[in-house]
Amino acid sequence: MTELGATATIETLTDDFSILDEWEDRYRYIIELGRTLPPLSETERTPANKVQGCASQVWIASHVKNDTGEPVLSFAGDSDALIVKGLIAIIFMLYSHRPASEILATDAHAVFAALGLKEHLTPQRSNGFASMVTRIKSDARQALARN
């Protein structure tokens, strides 16, 4: 299995998932992904960064750079639930350090389904995942509007 961390990609995750036969092992892997997230600063644990629609407590802070003409977003986040923290890490693999237009064009739900997560997470967690994606896409739209 490949090394976890900020450099992990969806391709890495897909490859790693393919060698894990049991869903219990995949859950452990997702939890380990969450443990690789850098700590979220207390100053970023604000009501504005709290994601609505999640059963767990979830914070996502967006950071925008505009060095190349189009805004590029990166994210920091945390949750009080281990599996949700892992889902945050997966979402960041998809969206962090990407141009806003690419974020808007990327279908996280297709990736989520391709990984088999849709069938193996509770409806509450799936709804929370959708809320996190909606929040990130909203931040990308706002960054483009300010551009």
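Me: Is Asp78 buried or exposed?
Reply: Asp78 counts as buried, at 10% relative accessibility. Buried means under 20% relative accessible area, exposed over 50%, and partly exposed in between, with a 1.4 Å probe and protein chains only.

Me: Before going on, what kind of model is this?
Reply: It is a predicted model, in which local features need pLDDT of at least 70 and side-chain atom pairs count only at pLDDT 80 or more, while totals for chains, interfaces and linings use all residues. Residues are numbered from 1 along each chain as its sequence is written, and side-chain values use heavy atoms, with hydrogens and water left out.

Me: Back to Asp78. Which residue has its closest N and O atoms 2.4 Å from Asp78 in a salt bridge?
Reply: That is Arg45. A salt bridge here is a side-chain nitrogen of Lys or Arg within 4 Å of a carboxyl oxygen of Asp or Glu. The pair links distant parts of the chain, with Asp78 in strand E2 (residues 72–79) and Arg45 in the loop between H2 and E1, 33 residues apart. Helices (H or I, at least four residues) and strands (E, at least two) are DSSP runs, numbered from the N terminus.

Me: And how exposed is Arg45?
Reply: Arg45 counts as partly exposed, at 25% relative accessibility.

Me: What about Lys85 and Asp78, how far apart are the closest N and O atoms?
Reply: They are 3.3 Å apart, and this pair is a salt bridge too. Salt bridges that share partners join Glu42, Arg45, Asp78 and Lys85 into one network.

Me: How many salt bridges does the structure hold?
Reply: The structure holds 8. One of them is Arg28 with Asp25, where the closest N and O atoms are 2.5 Å apart. These two residues are about one helical turn from each other, because they sit 3 residues apart in helix H2. Arg28 is partly exposed at 44%, and Asp25 is partly exposed at 26%.

Me: Now the sheet. What is the strand order?
Reply: The order is E1-E2-E3, an open sheet of 3 strands with antiparallel pairing. Two strands pair if DSSP finds at least two bridges between them. E1 and strand E3 (98–99) are the edge strands, each pairing on one side only.

Me: How many bridges join E1 to E2?
Reply: There are 8, and the two strands run antiparallel. Trp59 has Asp78 in E2 as its bridge partner. The hairpin of E1 and E2 has 6 residues between the strands, and Gly69 there takes a positive phi near 105 degrees.

Me: And E2 with E3, over how many bridges?
Reply: E2 and E3 pair over 2 bridges, in the antiparallel sense. Val72 stands opposite Pro99 in E3.

Me: Which strands does H3 lie across?
Reply: H3 lies across E1, E2 and E3, at about 175 degrees to E2. Axes are lines fitted to C-alpha atoms, for helices over the stretch in contact, and angles run from 0 to 180 degrees between N-to-C directions. H7 also packs on the sheet, touching E1 and E2, and its direction makes about 25 degrees with that of E1. Contact means heavy atoms within 4.5 Å.

Me: At what angle do H3 and H7 pack?
Reply: Helix H3 (residues 82–95) and helix H7 (residues 123–146) pack at about 35 degrees, with axes 11 Å apart.

Me: Which residues meet there?
Reply: From H3, Ile83, Val84, Leu87, Ile88, Ile91, Phe92 and Tyr95 meet Arg125, Phe129, Met132, Val133, Ile136 and Lys137 in H7. By class, the contact has 11 nonpolar, no polar and 2 charged residues. Ala, Val, Leu, Ile, Met, Phe, Trp, Tyr, Cys and Pro count as nonpolar, Asp, Glu, Lys and Arg as charged, and the others, Gly among them, as polar.

Me: New topic, loops. What does Ser56 touch?
Reply: Not counting residues up to four places away in sequence, Ser56 touches Ser79, Asp80, Ala81 and Val84. Ser56 lies in the loop between H2 and E1 and counts as buried at 17% relative accessibility.

Me: Where is Pro38?
Reply: Pro38 is in the loop between helix H2 (23–35) and strand E1 (58–65). Pro38 counts as exposed, at 58% relative accessibility. Its C-alpha atom is separated by 8.2 Å from that of Gly77, 39 residues apart along the chain.

Me: Last one. What is the phi of His97?
Reply: It is near 65 degrees, a positive value in a residue other than glycine. His97 is found in the loop between H3 and E3 and counts as exposed, at 63% relative accessibility.
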